[in-house]
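Please examine the model shown below with its sequence at hand.

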Amino acid sequence: MKKIEYVAIFMAWPYANGPLHLGHVAGNCLPADIQYRYERSRGRSVIMCSGSDEHGTPITVTADVEKVHPQEIVDRFHQINTQALIDLGCSWGENIDPRGIEYGGALYNRTTDPRHKELVKEYFTLLKNSGFLKQQTMQQYCSISADGVTKFLPDRYVEGDCPICGSEGARGDQCDECGSTYESSELVNPRSKMDPDAKIEIRDTDHFFFQLNQFQDELEKHSQKKQKIWKPNVRAMTKNWLNMGLRPRAVTRDMEWGIKLPISSVEWDSKRIYVWFEAVQGYLTCSQIWSENYSTNDDDWKKWWMKSDEGIEPKHIYFMGKDNIPFHTVIWPAIIMGLNSANSGNIPSSLIQPGELVLESNVPAMEYLMLQGGQFSKSRKHAVWLPSFLEHHNPDTLRYFLSINMPEGHDTDFRWEEYVDKVNNELIGTYGNFVHRVMTLSHRLESLDGENPLSQYFNGEDNKDSMNKIQNLLNSAINSMEKQRFKEALRSIMNISQIGNGLIQHSEPWKYMKLEGSPEKSKSLSTLAFCWQVCRGLAIALRPFLPFQSDELWSMMGEENNMDDILYEDAFNFDDIFSWNGDKPKPLFNRLDIEQILEREKLIAGSDTDGKEVNDEDVNYIDFEDFMKVEMKTGKVVGIEDHPNADKLYVVTIEDGPESTRTVCAGLKGIYEKEQLLGKQVVFVANLKPRKLRGIMSEGMILAADDGDGNVSVLTLDSDMPTGSQVR
RNA sequence: AUCGAGUUGGAGUAGUCAGGUUAUCUCGUCGGGCUCAUAACCCGGAGACCGGUGGUUCAAAUCCACCACUCGAUACCA
């Protein structure tokens, strides 16, 4: 009997602060699901675990803006995202593997799950008791607002005067002016960026620090072992971290929204476990929760997490975007080694012993998917949201496009034109058309008693060459999949349909099928029968990529076998079984129309796809007097230079009166060319307190409209006015 | 500006870490063929000084140095 292989597929936990967009899908969700389906199809026992990351500051910010409790935000997006993933064909809906619970299953959990919190607290205590979490007093700025609310401030929210050169606007730990770095406590006249009027003082605050430095040597050994497996981006990023030297990292912070510490004392009541430390443990807790909720034995998760007594390690594959690499190659392995060491009492080691938790097998981090050349961005609303995409499009066409265009080695781009092109010319042209040809040709033959009319013509000896080619292509697809090279795998499989198309073309069954009893007819139809089997194999081979169409093809062929029971490697082991479905075959896909799509996307771009409404009642009115305090004037751009020390700034000279000019730094680079602005009449705020921007004094602000979508347009005058005219 | 990644025929992309005969594949394009199929399919051709310059080597897309550009993270920001 074959040994059971245990595989765990993990994907980075999407942050429940908004709907998923195509970037998340291409980098995490889709590759994880493809791998999961592939591993299952290899007959392995597989669990897939992930879920919504629901703690952390951005969620509280969103909650503040909407004036609701953070729980409401995460409830909403957890629901929306879970549904969108299932609609995309990701296997999260199958908590129990269709082959049986012993084969695993999937769980899309959330970090607000009470059991997750409980387990995190257990691990916190375990690590603390073993000396991996050390308490340390740090000094941190704390703002006391007018209404007496005190709040600790992260360094980047503090600014003041530089202790070295004395210039204003220095940041918490570094001065842009003179470049010197210092302790934030040395800052002169510190103030809060969020609330500049608040009183600010340094207070002691205690926090726990994870002693990452204790794992430096073992992590280096681990990284050495992975050199041949990791992709260049993973190697480079990890090396960078290790070379910088690891330092203890705070695992608690002063805030309200998060998991409480497992310490009962007033002092720790206002502190929570830092998200980075808690969410990453979700991989483990989710596996445990899955086995507690669905498996026959609460301890079943161990099969997927611990090295067996025979010394066999389950395979762990983590999918994520490139921004997440160090968490999975440095921090998470360190935590796992810490837990192992805490349990065994041995010193931390990257050599995993039987019964210990295993480290990652591979971390195939993806680069980014860009949208029409720019980055996906929630705040700029430059995104294609998964839920709205799925309202209009077949999920398999998206899966195809993102798979064949996956950002495996470098950033790739999502363009509607390319999506349509690839779907119409490759997916439909090659695969869809091959299947449709085979189906319609077969249905032109007469079926007796609901039998497949092709079965009598099949001769395994014909088409031996093609058979070998196909088998080789499948083997290379398998090799690619073992290395998480999805594009390569899919390409190999698509080549199989090309071979199929060639076979049909050469055998010309349409020509011979009417010639009763001729040798040409049986030869030609033998090939068609062979192609029928190829279609069947393609349904199996493509299922990880195109689950919906595979199932549809399966039923169109009248197959009664359960596809879950067929091994991937046997996809083209023809068993001479010719099933039949008398219904008229239908094309698997519909062609896409680029004009139509672009038109609708324009509509979508014009509406707020977040579903949030701008609430008029929330407008903060200001008094007329306040408005009159702002002095706006007209001016003319008479000079414009690149800012020597900032990528997005121009240094603009404005003629602000008949005989005078002033200098203003404007963040218009990348939006306007210098020539476009030169000579323009603009409106600027004249009495803004002058401020240095990365070394250059800016005496005002040029007004511009911003649609929040990356489009910016400078205000100009309808007709000529003297420079320095009042604007009101 | 700092750090990281990338630049290969019209588009996309493999090969780069472990240098070696005609640089891969898909789309597009051109020519021919075919017509069963969603005007699609089959065969063939053209098209790349592998971002630039210099170096190491018998040999460089591949290694080294410098430069240019693109992308991202961070800083700055209308």
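In which loop does K67 lie? K67 is located in the loop between α2 (57-66) and α3 (70-87); helices (H or I, at least four residues) and strands (E, at least two) are DSSP runs, numbered from the N terminus. This is a predicted model, in which local features need pLDDT of at least 70 and side-chain atom pairs count only at pLDDT 80 or more, while totals for chains, interfaces and linings use all residues. Residues are numbered from 1 along each chain as its sequence is written, chains are lettered from A and ligands numbered from 1 in the order in which they are written, and side-chain values use heavy atoms, with hydrogens and water left out.

The phi angle of K67 is near 60 degrees, a positive value in a residue other than glycine. K67 is exposed, its relative accessible area being 65%; here buried means under 20% relative accessible area, exposed over 50%, and partly exposed in between (1.4 Å probe, protein chains only). D449 also has a positive phi, near 50 degrees, and is not a glycine. This residue D449 sits in the loop between α14 (416-443) and α15 (464-482), and D449 counts as exposed at 77% relative accessibility.

The charged side chains come next. Side chains of opposite charge can pair when their charged atoms come close. A search of the whole structure finds 33 salt bridges, a salt bridge being a side-chain nitrogen of Lys or Arg within 4 Å of a carboxyl oxygen of Asp or Glu. One of them links R415 with D413, with 2.8 Å between the closest N and O atoms. R415 is partly exposed at 30% relative accessible area, whereas D413 is buried at 15%. Another joins K511 to E508, at 3.2 Å from N to O; K511 is partly exposed at 48%, and E508 is partly exposed at 21%.

A further salt bridge brings together E559 and R536, at 2.4 Å from N to O. E559 belongs to the loop between α19 (547-556) and α20 (594-606) and R536 to helix α18 (residues 519-542), so this pair ties together parts that are 23 residues apart in sequence. E559 and R536 are both buried. Elsewhere, salt bridges with shared partners join E5, E39, R42, R44, K315, E482 and E569 into one network.

What of the nonpolar side chains? In soluble globular proteins, nonpolar side chains tend to be buried together. The largest nonpolar core has 105 residues, and those with the most contacts inside it are L386, F414, Y419, Y431 and F572; such a core is a set of buried Ala, Val, Leu, Ile, Met, Phe, Trp, Tyr and Cys residues joined through side-chain atoms within 4.5 Å. Helix α18 gives the most to this core, with 13 residues. Apart from neighbours within four places in sequence, L386 is in contact (heavy atoms within 4.5 Å) with residues including L20, H21, L22, V25 and A84. A second, separate core of 59 residues includes F327, I331, I335 and L339.

Finally, the cysteines. The structure holds zero disulfides, a disulfide being a pair of cysteine sulfur atoms within 2.5 Å. For C90, the nearest cysteine sulfur is that of C29, 6.1 Å away, and C90 is buried at 4% relative accessibility. For C531, the nearest cysteine sulfur is that of C535, at 7.0 Å; C531 is buried, with a relative accessible area of 0%.
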